[in-house]
Every structure is written in structure tokens, then in C-alpha cells.
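Subject: Structure for your review

Dear colleague,

Please find the structure below, followed by an account of what was found in it.

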Amino acid sequence: MKAAVIVFPGSNRERDMARALKQAVGTPPAMVWHAETALPAGTDLVVLPGGFSYGDYLRCGAIAALSPIMSAVSEHAKRGGLVLGVCNGFQILCEARLLPGVLVRNAGVGFLCKPVHLRVETSASPFTRGYRRGERITVPIAHGEGNWVADSETVAKVEDRGLVAFRYCDERGRVSPGTSPNGATNEIAGLFNAKKNVLGLMPHPENAIEPAHGSTDGFGLFLSMAGALADA
Amino acid sequence: MIPNDTIITPEIVASHGLKPDEYDRLLALLGRTPTMTELGITSAMWNEHCSYKSSRVHLKTLPTKGPRVIHGPGENAGVVDIGDGMAVVFKMESHNHPSYIEPYQGAATGVGGILRDVFTMGARPIACLNALRFGAPEHPKTRRLVAGVVAGIAGYGNAFGVPTVGGEVNFHSAYDGNCLVNAMAVGIARTNAIFTSEATGVGRPIVYLGSKTGRDGIHGATMASDVFSEGSDEKRPTVQVGDPFAEKLLLEACLELMATGAVIAIQDMGAAGLTCSAVEMGAKGGLGVQLDLEKVPTREPGMTPYEIMLSESQERMLMVLDPAKEAVARDVFIKWGLDFAVVGHTTDTGRFVISMHGDVYADMPIQELGDQSPLYNRPWVASVKRPTLAADSIKPPCGTLEALQRLMATPDLASRRWVWEHYDHVIGGDTVQLPGGDAAIVRIEGGAKALAMTTDVTPRYCFADPFEGGKQAVAEAWRNLSSVGALPIALTDNLNFGSPERPEIMGQFVGCVRGIGEAARVLDFPVVSGNVSLYNENKVTGNAILPTPAIGGVGLIEDWRKTASVAFKASGHAILLIGGEGSHLGASIYLRELLMREDGAPPPVDLTVEKRNGDAVRHLIGSGLVKACHDVSDGGLLVAVAEMALAGGIGAKLKAEPKGVPAHAWFFGEDQARYVLAVAKDDLETVMARLRDAGTPVQQIGETAGRTLTISRHGSISLGDLLKSHEGWFPAFMNAAN
């Protein structure tokens with residue numbers, strides 16, 4: 001697996017992400033500055049990490065989505081290459097139209113940092129193949145704007161095509177209105193594009209990869225990607 | 001001779017916060033009348049906040065050296081060796097006055113300022129903590145202040161990308177007109193790559209880096225040295241606005257630049273902005289400084305030299321660069337999109353010369369500007385000693401378990417989850433012990449080695465007896481670090497007091513500093529950095545805050561897997577009380593919250609006993625013999641056990657108090673140097689033997705069991721009920737309508 005982590009001005013979880021990728025595949029990812037126009041040759045996974053790109057003073061991710069490197073990221077996605085966006089990365093993917101919908105301010109609360117439970121909605125993707133469908137995993141969230149919304153047509157499309165990757169659930173794996181900490185539509189925590197080669201999610205799997213984190217549930221995502229790319 | 005277009009009247013001098021004798025000192029220094037710019041510069045350098053003029057004589061008595069100490073007080077932050085070529089860099093600083101006027105920006109820029117202090121020295125920040133004090137919950141301003149301060153700390157720290165891992169929040173009516181916001185930052189650097197503000201070499205470029213200079217915060221440092229009056233709300237324009245995004249860029253640019261070897265000296269522009277940073281660089285290096293202000297990037301046109309020199313715009317740095325590496329530096333600045341400019345150069349004249357478009361606006365001796373700042377040995381009176389209250393003279397207002405449930409829901413003991421869930425405490429992937437325990441633990445770059453950190457002080461003890469209170473603040477920080485298994489290595493202090501011009505307040509200050517010094521010496525816990533915040537009082541009410549010398553402690557852990565947390569881990573573990581029996585209810589939470597009394601002497605601190613007990617506990621934890629550990633502090637033994645039970649979701653069966661000991665003293669007394677341990681039954685004998693060998697008193701007081709907290713002869717309470725009381729208060733308070 002040859003991974004590239006895109007660093008925007010204001011990214012702040014790129015080091016956490018690099019550590020998780022290195023732990024999963026043994027080699028550190030390339031760190032690619034947003035002002036670059038091309039990805040390193042042979043890149044097969046692009047990761048947009050968490051943070052507050054450009055301070056997120058406007059709509060989250062709106063400016064980063066226009067960064068020079070983003071055309072190369074879109075191209076990579078179009079070719080079927082894997083793209084993962086976490087937290088601010090998810091917001092950027094939505095702003096860049098690589099994923100549907102948009103992330104708005106958490107409903108009823110401000111910034112929230114705590115472990116949440118997620119239900120894995122499908123194992124049929126390069127990002128989730130290491131999980132069982134319906135499995136409950138625990139990973140932390142740390143965001144103020146993670147409330148995923150879209151028009152009803154888009155929501156229906158996402159649901160009908162099975163593009164939801166993770167939903168917020170309770171400690172017993174049950175999803176019901178209110179199990180999302182941020183008000184996200186249909187308790188959606190993460191979703192795929194139509195070809196399932198692009199995944200965006202709000203929780204931070206990179207902060208749940210070893211016993212020191214209190215949960216290792218996030219590591220499955222990294223092992224899944226490494227496995228999928230090794231098989232490809 | 002510099003043309004002087006403003007006539008300096010006594011009123012102008014007074015409006016700069018300079019006393020007549022201080023102005024005379026300036027006249028003598030210059031040998032002429034100062035210009036407005038010079039007056040402004042002097043007022044910034046000589047105010048309490050920058051010059052420590054009332055506190056210096058006492059601060060000198062603190063122990064600041066130790067085998068691990070690389071840089072003590074006097075630098076931007078303390079630097080302490082942690083082995084393997086690495087150092088921890090840390091400091092705590094107040095932003096009390098700005099936070100009271102504009103809570104969000106005041107707190108945010110407080111965090112920004114302390115982060116800059118740490119990365120200016122070449123360290124990457126790995127954690128933040130904050131010690132907060134607010135007025136009584138029922139005071140109409142309190143809720144808004146809590147909401148604003150917490151949001152400000154979160155807004156800045158979360159975006160900057162540093163985990164906020166610990167701290168304290170307390171409420172007391174003494175802070176009604178003057179909240180306290182003390183922010184601490186901890187960073188990691190290589191010992192061979194520590195940067196300071198000491199400029200070297202003549203004719204070297206002085207480079208300005210970061211955000212543009214605006215009119216915000218002009219005379220912020222003077223405001224911080226002022227007592228609040230009715231018109232304080234009008235001071236809003238002097239509060240700076242924070243930009244964590246700019247700070248994050250500044251961090252990355254500075255660390256990248258430092259790695260190239262281009263940086264000779266560096267100083268952040270904090271209080272009194274360009275003035276303090278430039279003077280510090282020149283004075284430390286024995287050089288002069290020439291600044292050409294037309295080159296300073298400004299946010300608005302028409303700014304005067306006076307305004308530029310005194311602006312406290314945030315996220316700015318000043319550095320002296322190696323001229324040979326100017327091009328390298330330029331590339332780094334451009335990459336990070338930061339404003340930069342060569343704004344002057346070092347000279348051999350020893351003068352601080354400020355020019356703009358060729359006209360000179362200030363020409364002052366740089367060394368003397370610092371050295372000749374006023375120094376006061378202010379009169380003080382010792383606080384009156386209070387009598388020790390005998391426990392059996394205090395009538396319990398209710399049964400033991402009812403008292404516990406009520407205490408767990410009081411503002412000072414209720415869970416702080418509402419606060420710390422606003423802070424990103426997991427970013428970095430190295431937070432191995434979360435907020436809510438005795439001390440937070442953060443690993444160093446994913447390795448085995450880790451740092452423990454905590455902030456502590458018990459202001460009601462300091463008020464009751466400044467010397468014992470000062471000792472206790474240090475002892476509690478030391479104890480909290482020991483409770484997780486860390487070796488306490490150094491501390492930073494943030495001394496918050498009222499007006500030093502009042503002898504009784506100065507007496508509190510002197511007493512607390514002596515107590516801190518005494519404890520720091522006995523516990524081998526040197527003071528490596530700190531900050532003094534005086535004039536924390538409200539002119540309208542005449543109230544000074546409680547004396548609040550917050551201590552930020554840092555401890556070293558060789559292997560984070562050999563640490564302890566407060567949470568009970570399983571049923572069937574023995575619960576041990578380390579240290580003496582509960583006896584002391586004077587100045588306790590029990591007395592204050594259940595009997596509305598704030599009298600009595602605080603618990604005395606025997607530092608030799610502290611050291612003996614803490615060392616013993618730390619060794620047990622290091623040997624892997626401890627399943628859970630918590631120190632006994634606010635609320636006493638039963639509160640400690642309840643917190644351990646709630647954290648682990650596992651209850652306890654406790655014995656009743658021993659014969660002859662009043663129940664409330666046993667369960668709620670705040671006697672010092674004590675810990676509660678949970679130990680596996682198989683290890684019990686070994687643990688008891690080791691503690692006896694160390695000369696540390698120990699007794700088994702019960703065992704972990706089930707989902708209730710049960711005490712012989714007193715009854716039982718379900719953890720669910722206790723949890724509701726403990727977790728409920730903060731969200732209910734914050735969500736209530738004003």
C-alpha cells in the first residue's frame with residue numbers, strides 16, 4: 001500500500017493518521033502539501049486528515065476543497081483509487097462533491113469529544129471488509145460540525161444503494177433516533193460514494209488503534225484498506 | 001534630541017499607570033522628558049504584569065534548580081531534562097482580566113499565548129491544561145463566563161490541534177467580580193535544540209513573523225495590572241482576538257525554520273507586544289536594538305509608533321536570523337503563507353531606538369529599561385491564624401450516605417465531564433489517561449515514556465492559612481502525580497492574588513510563596529516557570545479573590561503501562577487507606593457545603609510524611625501491585641472512594657468508622673498525605689508488608705463489590721443514584737435559563 005496524506009494549512013491530525021497507516025502497513029505514508037498539483041507516483045490510497053483547514057472560518061472544508069492538490073485527488077478517485085476523509089477530511093470531500101451532502105453544526109451541542117459507538121453497515125467495501133456487518137465498534141469523535149444533512153432525494157439514494165458505512169448506535173449496537181451525538185440524518189457517521197472507493201466519516205479511527213487508546217476498534221479500517229490494496 | 005509633540009502632563013503619566021516616583025525614575029534614566037512613545041514603552045515594561053515589581057523579592061526565595069533543570073524562570077517557559085536527549089518545556093500563565101471582560105477571546109488568547117511561550121523555545125506542544133475559577137453559580141454573570149471561557153479554550157486548543165487533558169474548575173463568591181483563567185501548556189523538545197530570546201551578533205536582521213499588527217490590545221498589560229472598576233466593560237477594545245489557524249501555521253513554520261539552523265534568537269510577542277519582545281532580546285544579549293516601524297506589517301493604515309509598539313495583536317513572533325540563511329527562512333515563511341518583514345537589526349549601542357520613516361520616536365538604554373524597573377518590598381501583615389476545629393464540636397447535619405450524595409452534586413465536586421467533552425483530549429493519539437483522574441498522562445511520541453500533568457490549589461486553605469495553603473497546593477500536585485505512578489520532576493506556578501498595595505493581601509502572597517518554596521524544597525519539586533497575576537479584585541464590591549496560587553505539576557513516567565488510574569477494575573479487590581485517619585473538618589468542603597461554614601484552620605501538611613507516603617505509593621504502582629489509586633483531597637475519604645467506584649462502575653463494601661472516631665471526620669475529613677488503593681487479594685500481604693517497611697500507615701477499609709456503595713452501620717446507595725447526582729449538576733447548571 002502506498003498512501004499519501006494531504007496536509008492543508010490547518011490540518012492537525014495528519015500525524016495521528018500517518019502513525020496509524022504506518023502501524024498498519026509498516027511504511028510511513030507520503031505527506032503531501034496542499035499546494036502540490038500531483039500525487040506521488042504509484043499512490044493507491046489518498047487520505048484527507050482531520051483538522052481545521054484554513055481555520056474553518058467559512059463553511060468547513062470549503063476553501064480546502066479548492067486547493068491545487070484536489071484536482072489530482074478527484075482524478076485519483078475517478079480512476080477508482082481509494083480516498084479516505086476523516087472529520088475535516090470528510091467535510092472537504094463533501095465540499096469537493098466527491099461525496100454527497102454536507103456537514104453542518106452539531107445539533108444542540110457545540111464541539112464534542114468522546115468515544116461513540118458505531119454500527120458497521122456493510123463489510124462489502126475496501127474500507128470495511130475486515131469488520132462483520134452489524135458489528136459494533138467504539139471510536140472517538142472530536143468535532144463541532146459533524147451533522148450530515150442532504151436533500152431527501154440524496155438521502156434516499158444513499159440508503160437505497162447501501163452507501164452508508166457507519167451509523168451511530170448505542171452500546172448494544174442498536175440504531176435509533178437520538179443515538180447520533182450530533183443530529184446527523186439517519187444517524188449516519190460515515191458514507192461511501194457510489195463506487196465505494198471513497199469513504200468519509202466523522203469519527204476518528206486513527207485514535208482507536210492500540211490499547212493505549214482504550215479501544216483498538218479503529219484499526220480494522222486500516223487493516224481492511226491494506227488488505228484490499230494487497231489483493232488488488 | 002527627539003521632537004516631542006505631546007506635552008507630558010501628570011495626568012498622562014497617571015493614565016499610563018505610572019506612579020509619580022516611577023515617572024521620576026524614568027526622567028533620571030533618560031535625562032530628559034520622555035516622548036509619548038517612550039512613556040508608553042516604559043509603562044508597558046514597568047507595569048506589574050511585565051516587571052513583577054511587587055513580587056520579585058519574594059519569588060527569588062523559591063527553589064528553581066535541580067539536576068534535571070535546564071532552564072528555570074526567566075525564559076519563556078521552564079525546560080527540564082527527561083532523558084534520552086529530550087526535554088519537557090512547560091509554563092502556566094493567567095488571562096484573568098481579559099477573560100472577565102470578553103470570556104471567549106480572553107480565554108482563547110490565553111491558550112494561544114501559553115502555546116507560543118512553549119513553541120518559541122523549540123518545543124512541539126503535546127498537551128494543555130487549565131485552572132479556572134468562577135464566582136458563585138447563582139451569581140448572574142457566572143454561567144455566561146463559564147460558557148464563554150470553556151468555548152474559548154476549546155475553540156483555540158481544538159483548532160490549533162493540541163489535546164486539552166486536564167485542569168480544575170471551582171466556584172466561589174470571591175471570584176464573582178474577577179474570574180481566573182490560568183492556562184498551562186506542555187511541550188517536548190530535544191535538549192540540544194532549545195531556543196531562547198538571547199540575541200547575539202551585531203548588525204543581524206530582526207525579523208517579524210506572523211499576523212499583522214492592529215490596534216487591538218493596546219495597553220493590555222496595563223489593564224492586567226488594574227483593579228476592575230465599574231467602567232471595565234468599556235475596556236473591551238483592549239482585549240485581543242485569537243486566530244488559532246494563524247498560530248498553527250506559526251508553530252509549523254517556526255519548528256521548520258528552527259530545524260534549518262537559521263534562528264539565532266526568538267521571542268513571541270505576548271504582553272506589551274513588540275516592546276517587551278524586542279527589549280528582552282537586546283537586554284539578554286547585551287546588545288542594542290534598532291527598529292524601523294514603517295516595515296512592520298500593519299492591519300490598518302495610519303498606526304502611530306506608540307500604537308505599533310504597544311499593540312497586543314496575537315500570533316506574532318520576533319526573531320534574530322542568521323543573515324546567511326535569510327533565503328532559507330524566506331522560503332519557509334512563504335510556504336506557510338505568513339507575513340514577515342525585516343523590521344530592524346541588532347546594534348552595539350545598548351540603546352533601544354525606534355524610528356519610523358527616518359524620524360526617531362524613542363531612544364532609551366535597553367538594559368536599564370529592564371534592570372531599573374521599580375522594585376517594591378511592599379508592607380505586609382500575616383493572616384490571622386484560625387483555631388483548629390475539633391471534629392466532635394461539629395454536629396453532622398445528616399447521615400453519612402446522604403451527605404455523600406449531596407456532596408457529589410455540589411458545584412466543586414460534581415463531575416467536570418461537561419467541561420472536558422468540549423475539549424479535544426485525544427488528538428495526537430498519545431493521551432493514555434483522560435481528564436477526570438488525578439493526573440492526565442500523555443505519552444511521548446508513541447513510546448513507553450510518558451508525562452503526567454496536573455494543576456492544583458485549594459484556595460480556601462490558602463485563605464485560611466496562606467503558608468499551609470501554599471504548601472498544600474504543591475503537595476497536592478505532587479500527590480496527584482504520584483497517584484498515577486509518576487515521579488514529580490518540576491512545577492510551574494500561577495500566583496493569583498488581589499492588590500499588593502493592601503498589606504493583608506501582600507501577607508497572603510508572602511505566606512503562600514513561602515509555603516510553596518518550603519514544599520518544593522522538601523519534595524524535590526523545583527519551580528521552573530511561572531506567572532504572577534495581582535490586582536484580582538473588584539472595585540465595586542471591594543472584594544479580593546481568594547489567594548489562588550495554582551500549581552502546574554509535571555511528572556515523569558518511564559513506562560506508561562506501569563501506571564494507575566482512579567477507576568476500580570474488578571470486584572473482590574481490597575481497598576486500602578494509606579496515611580492517617582480522617583480527623584480534620586476545618587476549612588473542609590463538608591463544612592462549607594453542608595453546614596455553610598467556612599471557618600477553622602485548614603489541615604496541616606507534614607511534608608516529610610507526604611514524601612514518605614507518596615514515594616511508597618509510587619513504588620507500589622511501579623511494581624504493578626496497584627489496581628487503582630486515588631489521593632484523598634476535597635471531600636475526604638468517602639468522596640475519593642465514590643469517585644473510584646463511579647469511574648470503574650464497580651461498587652464497594654466499606655467498614656464503619658473505628659470506635660471513638662466521629663463518622664463525619666473519618667469519612668469527610670481532609671487530612672493530608674493520604675491515598676486510597678485497590679489491590680488484588682493475592683497481592684495484599686506483599687503490599688501491606690512493603691508499606692509497613694516504608695513506615696507508611698495502612699489499613700484495609702473494605703473491598704470492591706457489586707453495583708452499590710455499602711457502609712456497615714450506615715446503609716448503602718446504588719452507583720446509579722450516585723452517578724446521577726455526580727454527573728447531573730454541571731449540565732443542569734449550564735442548561736438552566738439565567
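A residue is called buried if its relative accessible area is under 20%, exposed if over 50%, and partly exposed in between (1.4 Å probe, protein chains only). Helices (H or I, at least four residues) and strands (E, at least two) are DSSP runs, numbered from the N terminus.

The model is a predicted one: local features need pLDDT of at least 70, side-chain atom pairs count only at pLDDT 80 or more, and totals for chains, interfaces and linings use all residues. Residues are numbered from 1 along each chain as its sequence is written, chains are lettered from A and ligands numbered from 1 in the order in which they are written, and side-chain values use heavy atoms, with hydrogens and water left out.

Strands

In chain A, seven of the eight residues of strand β7 (residues 136–143) are buried, so the strand is largely enclosed by the rest of the structure. Strand β6 (residues 112–120) of chain A runs antiparallel to β7(A) and is joined to it by eight bridges; two strands are taken to pair if DSSP finds at least two bridges between them. Within this pairing, Pro140(A) of β7(A) stands opposite Pro115(A).

In chain B, ten of the ten residues of strand β21 (residues 548–557) are buried, so this strand too is largely enclosed by the rest of the structure. In a regular strand the side chains alternate between the two faces of the sheet. In β21(B), Thr548(B), Ala550(B), Gly552(B), Val554(B) and Leu556(B) point one way, while Pro549(B), Ile551(B), Gly553(B), Gly555(B) and Ile557(B) point the other way, and all are buried. Strand β16 (residues 450–456) of chain B pairs with β21(B) in the antiparallel sense over seven bridges, with Ala452(B) partnered by Gly555(B). Strand β17 (residues 487–496) of chain B is also antiparallel to β21(B), through nine bridges; here Ala490(B) has Val554(B) as its bridge partner.

A buried threonine

Thr346(B) belongs to strand β11 (residues 340–347) of chain B and counts as buried, at 3% relative accessibility. A polar atom of its side chain lies 2.6 Å from the backbone oxygen of Gly201(B), and a polar atom of the Thr346(B) side chain lies 3.0 Å from the backbone nitrogen of Arg204(B). Beyond its neighbours within four places in sequence, Thr346(B) is in contact (heavy atoms within 4.5 Å) with residues including Ala199(B), Val202(B), Ile206(B), Leu287(B) and Val320(B).

The interface

The contact between the chains takes 28 residues from chain B and 24 residues from chain A. Together the two chains bury about 2100 Å², 57% of it on carbon and sulfur atoms; buried area is the accessible area (1.4 Å probe) that two parts lose on being put together, summed over both. Phe245(B), Glu421(B) and Val426(B) supply 25% of the area that chain B buries against chain A, more than any other three residues.

Three salt bridges are found across the interface, a salt bridge being a side-chain nitrogen of Lys or Arg within 4 Å of a carboxyl oxygen of Asp or Glu. Asp424(B) forms a salt bridge with Arg13(A), with the closest N and O atoms 2.7 Å apart.

Glu252(B) is located in helix α10 of chain B and is buried, with a relative accessible area of 10%. Apart from its neighbours within four places in sequence, Glu252(B) is in contact with Arg124(B) and Trp336(B).

Over all chains, the structure holds 51 salt bridges. Lys91(B) and Asp117(B) form one, with their closest N and O atoms 4.0 Å apart. This pair links strand β3 (residues 86–94) to helix α7 (residues 103–119) of chain B, the two residues being 26 residues apart, and both Lys91(B) and Asp117(B) are buried. Glu256(B) forms a salt bridge with Lys335(B) at 3.4 Å between the closest N and O atoms. Glu256(B) is partly exposed at 28% relative accessibility, and Lys335(B) is partly exposed at 34%.

Arg406(B) and Glu402(B) meet in a salt bridge of 3.5 Å, N to O. They are separated by about one helical turn because they are four residues apart in helix α15 (residues 400–408) of chain B.

Yours sincerely

Conventions. Polar contact = N/O pair within 3.5 Å; in protein donor to acceptor, adjacent residues only side chain to side chain.
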